[in-house]
Amino acid sequence: MTDAPLFKPVNWKDAEAATGLRLDRRRCYALSQDTDQTFGHLLHEIATWVESCTGCHETFEGHSVGDYPRHPKHGCEIGAGCEECGYTGVRRHSWWVPSSINSEDEAA
Ligand SMILES: [Zn+2]
């Protein structure tokens, strides 16, 4: 196990060069750096989501404690607001997920 990051963010040109595929240039791509293919896919795209802030939204064993309003767009409960979330009550997260192009390639 090395200390190298698992994902190397690349632009669409480098992603196309590495995969030999024609890609959507508007998306963010990363190449998996695990040489033993733990994740099974070379090409990854970024996934983002919004959820309740852990700093100001109280839960007990995964269930919310209290009466929180729901976010109109994302559906998650909105916390009271704190420094962690910039007083919005929600946090935006992102992570690399295997690209759907990988599965399209496998299906073909
Ligand atoms: Zn907060």
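Reader: Quick one to start: in what order do the elements run from the N terminus?
Author: They go β-α-β-β-β-β-β-α. Keep in mind that this is a predicted model.

Reader: OK, and how many helices and strands is that?
Author: Two helices and six strands.

Reader: What's the sheet like, then? Which strand order does it have?
Author: It's an open sheet of four strands, in the order 1-2-3-6, and the pairing is antiparallel.

Reader: Which ones are the edge strands?
Author: Strand 1 (7-10) and strand 6 (90-98), each of which pairs on one side only.

Reader: And how many degrees is the twist?
Author: From one strand to the next, the average is 40 degrees.

Reader: Where does helix 1 pack?
Author: Helix 1, residues 12-19, packs on the sheet and touches strand 1, strand 2 (29-32) and strand 3. The helix direction makes about 40 degrees with that of strand 2.

Reader: Which residue of strand 6 stands opposite H44?
Author: That's P98.

Reader: Switching topic: what share of the protein is buried?
Author: Buried residues account for 15% of the 108 residues.

Reader: What about contacts between residues at least 6 apart in sequence: what percentage join residues at least 24 apart?
Author: 53% of those contacts do.

Note on methods. Residues numbered from 1 in each chain as written. Predicted model: local features only at pLDDT ≥ 70, side-chain atom pairs only at ≥ 80, totals over all residues. Buried ≥ 20, exposed ≤ 12 C-beta atoms within 10 Å, placed from the backbone. Contact = placed C-beta atoms within 7 Å. Pairing = 2+ DSSP bridges. Axes fitted to C-alpha atoms, helices over the stretch in contact; angles between N-to-C directions.
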